Amino acid sequence: MSKAFNQCSLYLRPARHDFTLDDLELFTAELRNIQLISKTIDKQSNSYYTGDNYLDYIAYMGCAPNIKFKADPNSKNNNENFCQITLHQYKSPHLIVSQKQASAPLCPNCKNPIRDWQENKTSTTIQCPLCSNTTNINDLNWRKMAGCAQLFIEISDIFPKEALPQQSLLDKLKDITNTDWLYFYSCR
Ligand SMILES: [Zn+2]
């Protein structure tokens, strides 16, 4: 696989873009409890090894996917290019958008892709150059290639559509947080 492929992630996020957790430690304990995650890789960056139930929650397409759950012992940088889970929480809604494999968001008014959205963007809205309609970033259809939220669960080393979160995981996240969850992919 090319380097670009290795820098893609699957992201889970609350549907509400302003949802935050008061206690990230408690959330971590819950994720460990359902065995989505296991041991801590790095406390500072909130990164974890996958748990025993990981493959029940995330379904890989195709047969015999080659998933790396640990760093290559020969790798110089132990933290790169294997399947690990990282929690991100931001003080205000944060847009994670794919740099590679990007797809333009669809304008909800005229239904056209907003190709030059980066040039028509404020911190919270994007204006469609075709119909001049202004839409909140969170209300755009990013076609699963971006997401705006304050909380994210990043599962690294997954190429777009290579793996899908199962309903059982989305249900468990909803039970834990009392809010609905969505997912998208992003490549650096
Ligand atoms: Zn439009």
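Which loop does S45 lie in? S45 sits in the loop that links β2 (37–42) to β3 (47–50). Helices and strands here are DSSP runs, numbered from the N terminus, with at least four residues of H or I for a helix and at least two of E for a strand.

Some ground rules. This is a predicted model, in which local features need pLDDT of at least 70, side-chain atom pairs count only at pLDDT 80 or more, and totals for chains, interfaces and linings use all residues. Residues are numbered from 1 along each chain as its sequence is written.

Back to the loop. β2 and β3 make a hairpin with four residues between them, and N46 in that turn has a positive phi of about 55 degrees. The two strands run antiparallel and are joined by three bridges; strands pair if DSSP finds at least two bridges between them. T40 stands opposite Y48 of β3. Y48 also has a bridge partner in β5, namely I85. β5 covers residues 84–97 and runs antiparallel to β3, again with three bridges.

Is S45 buried or exposed, or in between? S45 counts as partly exposed because it has 13 C-beta neighbours inside 10 Å. The scheme calls a residue buried if 20 or more other C-beta atoms lie within 10 Å of its own, exposed if 12 or fewer, and partly exposed in between, with C-beta atoms placed from the backbone. Buried residues make up 24% of the 188 residues in the chain.

Now the whole chain. It has four helices and ten strands, in the order α-β-α-β-β-α-β-β-β-β-β-β-α-β. The C-alpha atoms fill a box of roughly 50 × 40 × 30 Å along the principal axes.

Last, the domains. Domain 1 takes in 3–102 + 145–187, and domain 2 takes in 104–141; the bounds come from an automatic or database domain assignment. The C-alpha centres of the two domains lie 27 Å apart.
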